[in-house]
Amino acid sequence: MKTMLLSLVMVLHWAACAEADVAVQPDFDLQKFAGLWQVMGGASNCPVFQAMKDIMETSAAVVTPLPNGDMRILTGFPFPEECKKVDRVYKKTKQPGRFFHADEMTKRDVRVMDTDYDSYAFLYTFKETEEDPSTTTIQIYTRHPVVSPEMMEKFKKHCHDVGLTDDLKAMLPHSDKCVKALREDGCKDMEMEFNKLDDGTYVHTADWGSAKKMEVVSTDCKTYAMIRAQIEHNGKTSNNLGIYSREPEMTSELKEKFLQAANAEFTSDQIVFPHGERRETLKMNLWLVGLGLALLCTVNAESECSGDFSQETAINFPSMLSVALHPLLDQMTTMNQSIDALQKEIKESNAKIEEVGKSAETKTKILNQRLQVMEKERATDKDQLLRLQMERASYILQFQGVPEQKMEDLKGTLSEALAPITDLKADYLRSEMDIVYRTYPHFVKKNNLPGVIVVKFAKRTTRDVVLKATKRTTLKIKDVEIKVLKDIPSEIRKRRKQYKNLKKFLRKNSTRYRWFFPEGLVFNYKEKKEKITSLKSAETFLDLHQSSTNEKQAAEEEEEEEGIIHDLERSQTSSSSSSEDSDSAKGAAASK
């Protein structure tokens with residue numbers, strides 16, 4: 001389960017970035033690009049990908065063109081227990097080969113950089129979120145689980161073009177678990193009933209309003225059948241000619257026969273011969289469908305579909321079906337017998353269910369207990385993942401505000417600036433910088449600021465020395481003050497943000513605190529050590545101490561108010577006494 005969760009996080013974070021001009025396959029054809037691909041490896045500056053690439057295996061992807069020009073990619077990622085599937089629809093753009101996907105948290109710019117459609121493709125992805133730095137990824141797609149030296153050379157060149165260095169690359173060990181799973185998903189059972197018409201053709205009308213008329217053009221009833229179909233849906237009509245075979249490969253004679261019939265009604269660009277995983281199989285043990293397919297047109301509002309198909313070549317479809325479906329009828333007889341036996345077993349099972357019904361409540365309790373245990377294990381695994389991310393982040397610092405320049409040497413610029421304030425030699429600092437790159441989070445683009453420089457140090461002690469030095473002495477590069485920050489995983493930031501009221505209260509009371517992992521704070525308040533590890537305990541603490549603080553402030557204000565009133569009364573008494581003394585003096589003077 002731990003490996004599963006770690007891989008899943010990697011999956012969700014493996015995307016990419018760099019909004020510079022990126023190559024796109026000229027004259028990109030989404031129909032040719034469709035089908036099954038295997039993801040053999042890639043390169044990414046995503047920190048999570050770099051941390052997880054050693055435990056990953058090759059994944060698989062099925063590309064499906066949608067009628068409106070969008071692209072659907074169903075990706076399978078191998079896990080110990082199953083193949084985890086992620087399904088996304090990428091919206092088309094004005095540029096063929098470039099697509100876009102957005103949800104509440106993430107935006108993805110996907111481009112097919114280079115492909116020959118039959119053996120390889122390179123997918124570029126730019127991912128950005130409002131909180132995390134943007135990332136760049138290039139993935140290697142292949143039709144077969146082999147990456148040739150020529151493919152690797154192309155891969156290296158594309159990585160170099162978008163700024164991905166060799167240490168950011170990873171070729172993954174092969175796994176066919178998801179290839180098998182996606183192949184199974186790609187073949188769905190479909191059953192239609194056709195009614196015979198007077199002209200010898202057959203028609204099928206679906207519940208959702210689509211009518212399909214078909215006739216058998218040619219068949220030997222044993223090895224092949226050529227069928228013409230006309231489909232009507234929502235006022236639109238399309239025609240096709242299909243070749244069906246019992247064998248997985250088409251002979252040259254059969255292909256020639258099909259081309260003669262197809263060329264008489266269709267143009268060359270309307271004739272398709274699917275290959276490999278794109279060929280569909282009809283699950284009736286009868287015919288392999290899609291060895292060849294010719295499409296005439298689909299009628300739209302501006303045009304009409306033409307084509308006068310002769311009925312002279314139609315043959316007796318029931319006689320063909322009687323030969324082709326004979327094995328199926330035998331299977332249906334056997335199936336009916338199995339159904340009778342199954343119904344008997346169901347009756348017996350119902351009787352047993354009534355007997356054990358009293359124990360259902362006990363079993364439910366057991367299942368709930370197991371579910372609670374699994375939830376605890378899941379929470380534990382998530383905390384362990386966060387601990388791993390925090391461990392990696394303890395080697396990383398972010399430098400904000402460093403001016404950009406052409407052909408810049410980031411390691412050299414930082415090591416020269418840090419040497420005077422850390423008492424470390426510039427060459428040593430340069431050697432300790434393992435990975436250095438610029439990234440462009442949302443606030444950087446919004447305010448037109450220089451890109452943030454992310455530095456991963458080889459040793460944590462070196463990183464700590466740099467952090468302490470920059471807190472003690474302001475780091476300046478070209479007379480510009482540079483802000484140096486720790487790298488904190490987004491999940492940890494989200495959790496800490498929920499404690500903002502408690503932080504505000506502690507700061508107001510000049511109380512020092514430190515963060516607790518995976519969430520919460522530890523601090524001393526009124527000579528008592530407090531350990532807050534949940535939002536509920538934080539609310540309880542605030543309710544208790546904020547109310548007492550408010551009562552104390554109210555008492556002080558009341559006491560202060562009473563003191564003011566007392567002073568006023570005493571002042572008034574003193575004033576009246578003075579007035580009486582003055583009047584007595586005036587009376588005595590008058591008597592004299």
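Biologist: Where is Thr511 found?

Modeller: Look in the loop between α15 (500–508) and β22 (513–515). Helices (H or I, at least four residues) and strands (E, at least two) are DSSP runs, numbered from the N terminus. This is a predicted model: local features need pLDDT of at least 70, side-chain atom pairs count only at pLDDT 80 or more, and totals for chains, interfaces and linings use all residues. Residues are numbered from 1 along each chain as its sequence is written, and side-chain values use heavy atoms, with hydrogens and water left out.

Biologist: Which residues does Thr511 touch?

Modeller: Contact means heavy atoms within 4.5 Å. Leave out residues up to four places away in sequence, and Thr511 touches Leu506, Phe523, Asn524 and Tyr525.

Biologist: Now Asp423. Is it buried or exposed?

Modeller: Asp423 has a relative accessible area of 71%, so it is exposed. Asp423 also sits in a loop, between α10 (410–422) and α11 (426–432). Sequence distance and space are separate things to check. Asp423 and Ala469 are 46 residues apart in sequence, and their C-alpha atoms are 9.1 Å apart.

Biologist: What about Thr106? Buried or exposed?

Modeller: Buried, because its relative accessible area is 11%. Thr106 belongs to strand β6. Not counting residues up to four places away in sequence, Thr106 touches His101, Lys127, Glu128 and Thr129.

Biologist: Step back. How many helices and strands are there in the protein?

Modeller: The protein has 16 helices and 24 strands. Of its 592 residues, 37% are buried. Now take contacts between residues at least 6 apart in sequence. Of these, 58% join residues at least 24 apart.

Biologist: Which residues of α4 are buried?

Modeller: Met151, Phe155, His158 and Cys159. They cover an arc of only 100° around the axis, which puts them on the same side of α4. The arc is that of the directions from the helix axis to the C-beta atoms. On the other side of α4, Pro149, Glu150, Glu153, Lys157 and His160 are exposed.

Biologist: What do the buried residues of α4 pack against?

Modeller: Strands: β1 (35–44), β6 (106–115), β7 (120–129), β8 (135–142) and β9 (169–171). Just after α4, Gly163 takes a positive phi of about 85°.

Biologist: And α6? Which of its residues are buried?

Modeller: Leu254, Phe258 and Ala262 are the buried residues of α6. Their arc around the axis is only 65°, which puts them on the same side of α6. The face turned away from that side carries exposed Ser252, Glu253 and Gln260.

Biologist: How do I read a strand? Start with β1.

Modeller: Begin with burial. Ten of the ten residues of β1 are buried, so β1 is largely enclosed by the rest of the structure. Then look for partners. Two strands pair if DSSP finds at least two bridges between them. β1 pairs antiparallel with β2 (residues 59–65) over five bridges. β1 and β8 also pair antiparallel, over six bridges. Three bridges join β1 to β9, again antiparallel.

Biologist: What is the bridge partner of Ala43 in β8?

Modeller: Ile138. In β9, the bridge partner of Ala43 is Lys169. Val39 has Ser59 as its partner in β2.

Biologist: Last feature. How many cavities of 30 Å³ or more does the structure hold?

Modeller: Two. On a 1 Å grid over the protein atoms alone, a cavity is a set of points where a 1.4 Å probe fits but cannot get out; lining residues have an atom within 4 Å of a point. Grid points are joined across faces, edges and corners, and a volume is the space filled by probe spheres set on the points. The second largest cavity holds about 80 Å³ of space. Its lining includes Asn45, Arg392 and Tyr437. α3 (47–52), β18 (433–439) and β19 (452–457) each supply at least two residues of that lining.

Technical notes:
Buried means under 20% relative accessible area, exposed over 50%, partly exposed in between (1.4 Å probe, protein chains only). On a 1 Å grid over the protein atoms alone, a cavity is a set of points where a 1.4 Å probe fits but cannot get out, and a pocket is an open set with protein on both sides within 12 Å along at least five of seven lines; lining residues have an atom within 4 Å of a point.
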